[in-house]
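The following exercises are to be worked with the sequence and the coordinates at hand. Each task is followed by a stepwise solution.

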Amino acid sequence: MARVVVDVMLKPEILDPQGQAVANALPRLGVSDVASVRIGRRVEIDFSGEADLDRAKEIADKLLANPVIEDYTVRVEQ
Amino acid sequence: MTSVELDFDTVGHAVATPAEEQPYAELGLQADEYQRIRQILGRRPTQSELAMYSIMWSEHCSYKSSKVHLKQFVEKKPASDRMLAGIGENAGVIAITDQIAVTFKVESHNHPSYVEPYQGAATGVGGIVRDILAMGARPVAVMDPLRFGAADHPDTARVLPGVVAGVGGYGNCLGLPNIGGEVVFDPSYQGNPLVNALCVGVLPADRLQRKEADGPGNIVVLMGAKTGRDGIGGVSVLASATFDEGSEQRRPSVQVGDPFTEKLLIESCLELYNSDLIVGVQDLGGAGLTCALTETSASAGTGMDIQLEKVPLREPSMTPHEVLASESQERMLLIVEPAKLNAVLGIAQLWGVLATPIGVVTAPDAGESAGRLRITWHGETVVDVPPGSLVDDGPVYARPLKEPNDLPLLQADRAETLPKPTTGDDLRATVLRMVASPNLCDKSWVTEQYDRYVLGNTVLAQPEDAGLIRLDENSGLGIAISLDGNSRYARLDPYAGAQLALAEAYRNVAVTGADPVAVTNCLNFGSPEDPAVMWQFAEAVRGLADGCLELGIPVTGGNVSFYNQTGAAAIHPTPIVGVLGVHQDVTQRVPMGFSQAGDLVYVLGETRNELSGSEWAWVEHEHLGGTPPQVDLAGERRLGDAIAQAAERGLIRTAHDLSDGGLAQALAESCLRKGFGATIELPAEWSAGSQPFVFLFSESTGRALVAVPPGHEMAFTALCEERQIPLTRLGTVADEGAELTVSGQFALPLDELREAWSATLPKLFGSTIASNVVQED
């Protein structure tokens, strides 16, 4: 199967309230050695033929990520 | 500065390097403004100081182009014994009773909402909520007037859903009802949508908070979210001037809001107010810490010593000027007596909100009348300025004004001469097309995404004429608010356009039975450097100030948004006016929808042949020209008074204001609201040729559609005649599910009318969740 994985993350300078909520909850579970948490999303795209990174990039740029506040990376899953 | 090379600029370094070139022009400062800063400081400013001056002397913060005009709101202010705080404060405060006060204000968040619609709109709501909170009030409702480009333009499909979701997302998470607003489409907003947000809050009159940083020795506390590189786009040139590599990571970034932090901030602030633990409070909005530090100290005449490295940072690599310029959301600045510091920090901790002492208030130096703001960064002084020089001594411009060249031609091109429907069939088709047009159609696609009833005090919300909330469960005391603006009228005549916006908001509040008492405004215009735009602005302000004086209700505050344009093309001048009214008992409110068959239908006010600037001229002919409808503020006052009296005496069951789309639109909305038909007889003088059309679509002001229960017509007629309000009997409310019939012209089944009215927005922006059925194949 020709799978491309797209990882979308908020840009580093953008506030991530969700990640912050998790980071704030960890000490209540007794985890005290975590400095920060950032949450993004992983999207798996299965191509019917060859894995096409350029096409995956296009999909990510147009639909999966908001390039104003998010970065994304694409890679072929082995 | 010999030992180590610092990666930031200090006062000592600035003294030693007077000739160093600074990017003041890129920061938006003029050469003479930069020279003024050097004169004030007696040296070149440090990077941090330059950033602070460039922000505080910007149009957005200093009102440098609008100041000379806005003072009319104070000079022409009608006498009012209700005003507890006015222009210059975070928001105006109005006494409702001896014990209860309300505060309300509308602000713009236009440019951020174009770049990133969801977060731009969300943080717009968050910002205005903190303004209200800073006055000592509990925020209780929000409203949002929105303007977008043509409804069918592809970019509107990008911007509108994001903006609506952002307004809803932030407000709903805070638990604030969204009780009204507007959604208007016009091609002039293509590339520059308007996202204005209003918040209203309630406070015990004796809990009013001040922003003054009084009392040398008092502690300056920053409370709320950590500070990051949010919205520091403007001053990023300073960063790129210093750091070449990695500047990609430092480019202008949008602010992201966190409504749950804001909710905690609201609750902790209210607890601090109730426990009487603070001396002063200021919200952090545009211009962030820079604005809050300088305004609180300048207004008290004090100074401050701030240790900037104590500010909790989201990104440790931030430089001092970035910390000072950051627009990170959900932060407040508190001034606290040392003895009460622990109690304040304790309450913040209880609510899970960060609170950090970052400095102290200082007295003026010997021989000086005002204090100095000194800011250090890890022991090095990076700022040493008189705070008043940033707040009060900014540049003031009396910019050139010039009537737009095309205005005489535009005004000569009247819509009254356009071809009009003359037959019943044409008229019927026109009504259906008009109710389906984007500006007149059903807005529930938008309002369904907002929580309108949370907190349980909403009495009326969209699509009613005004939002109405209850303040006191026992007495039924309440307030009604409406926001209105018609930019086509303002384009044709900005003086009249501003007054028409005022008149409409006044009328919308009055038809619910409320007594209008105060005004707020958001003035959205193009570039002030364009004399034609500046003329429009000056005329609109003059019109609004004169109008408020005539109606006897003061402007309590507002906001100016300039530079709303795409390239050289400015938006239509868009003064948005909000009016707040008081209900002694909300159970006496007057709703808009027909609700009882047999009620007698009247239109109050005089109908004239006024179609210029109308919705019909735009929708059917793409025509904008002529002069807007005649303004009659004395008539509006009489109308409002008559409806309030009639409501109190139980003489009317429903009332609906006539505005965009005229009588036809008002009839359609009053019928569709609760599904009752109506049978209308045209007055004899309006029954021939194109006259029925004019009667139905003219946008003459000072009019309202009312339904009077049978038996009350004599008393109601007498009440109107007493006040010299023209009154025309139109017909009766028909049965539930009956048709809207205009005798001799057409009959429209309500289903057909509703289908046309409600299909438009879902067709443009996708179906709502409820009707979104996935098709399996």
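**Exercise 1. Surroundings of A355(B)**

Task: Which residues beyond four places in sequence are in contact with A355(B)?

Solution. The model is a predicted one. Setting aside sequence neighbours within four places, A355(B) is in contact with V221(B), L222(B), M223(B), L345(B) and A348(B). A355(B) itself lies in strand 11 of chain B, which covers residues 355-362. A further distance can be stated for V311(B): its C-alpha is 9.5 Å from that of A355(B), and the two are 44 residues apart in sequence.

**Exercise 2. Packing of helix 9 on helix 11 in chain B**

Task: Determine how the axes of helix 9 and helix 11 of chain B are arranged, and identify the residues in contact.

Solution. Two packed helices are described by the angle between their axes and the distance between the axes.

Step 1. Helix 9 of chain B comprises residues 154-174 and helix 11 of chain B residues 259-274; their axes come within 9 Å and cross at roughly 40 degrees.

Step 2. Because of this angle, helix 9 of chain B is classed as oblique to helix 11 of chain B.

Step 3. The crossing of helix 9 of chain B with helix 11 of chain B is right-handed. On the side of helix 9 of chain B, the contact is made by Y170(B), C173(B) and L174(B); helix 11 of chain B contributes P259(B), F260(B), E262(B), K263(B) and I266(B).

Step 4. By class, the residues in the contact of helix 9 with helix 11 of chain B are six nonpolar, no polar and two charged.

**Exercise 3. Packing of helix 8 on helix 11 in chain B**

Task: Are helix 8 and helix 11 of chain B roughly parallel or roughly antiparallel?

Solution. Step 1. The axis of helix 8 of chain B (residues 117-134) comes within 11 Å of the axis of helix 11 of chain B, and the two cross at roughly 5 degrees.

Step 1. That angle makes helix 8 of chain B roughly parallel to helix 11 of chain B.

Step 2. In this contact, G126(B), V129(B), R130(B), L133(B) and A134(B) of helix 8 of chain B meet E262(B), L265(B), I266(B), C269(B), L270(B) and Y273(B) of helix 11 of chain B.

Step 3. The contact of helix 8 with helix 11 of chain B divides into eight nonpolar residues, one polar and two charged.

**Exercise 4. The contact between chains**

Task: How many salt bridges are counted between chain B and chain A?

Solution. Step 1. The contact takes 13 residues from chain B and ten residues from chain A.

Step 1. About 1100 Å² is buried between chain B and chain A, and carbon and sulfur atoms give 54% of this area.

Step 2. The count of salt bridges between chain B and chain A is zero.

**Exercise 5. Backbone exceptions in chain B**

Solution. Most residues other than glycine have a negative phi, and most peptide bonds are trans.

Step 1. P463(B) is placed in the loop between strand 14 (458-460) and strand 15 (467-470) of chain B.

Step 2. Y63(B) is found in the loop between helix 4 (59-62) and helix 5 (67-70) of chain B.

Conventions
Residues are numbered from 1 along each chain as its sequence is written. Chains are lettered from A and ligands numbered from 1 in the order in which they are written. This is a predicted model: local features need pLDDT of at least 70, side-chain atom pairs count only at pLDDT 80 or more; totals for chains, interfaces and linings use all residues. Side-chain values use heavy atoms; hydrogens and water are left out. Axes are lines fitted to C-alpha atoms, for helices over the stretch in contact, and angles run from 0 to 180 degrees between N-to-C directions. Helices (H or I, at least four residues) and strands (E, at least two) are DSSP runs, numbered from the N terminus. Angles under 35 degrees count as roughly parallel, over 145 as roughly antiparallel, 65 to 115 as roughly perpendicular and the rest as oblique. A crossing is left-handed if the near helix is turned anticlockwise from the far one by less than a right angle, and right-handed if clockwise. Contact means heavy atoms within 4.5 Å. Ala, Val, Leu, Ile, Met, Phe, Trp, Tyr, Cys and Pro count as nonpolar, Asp, Glu, Lys and Arg as charged, and the others, Gly among them, as polar. Buried area is the accessible area (1.4 Å probe) that two parts lose on being put together, summed over both. A salt bridge is a side-chain nitrogen of Lys or Arg within 4 Å of a carboxyl oxygen of Asp or Glu.
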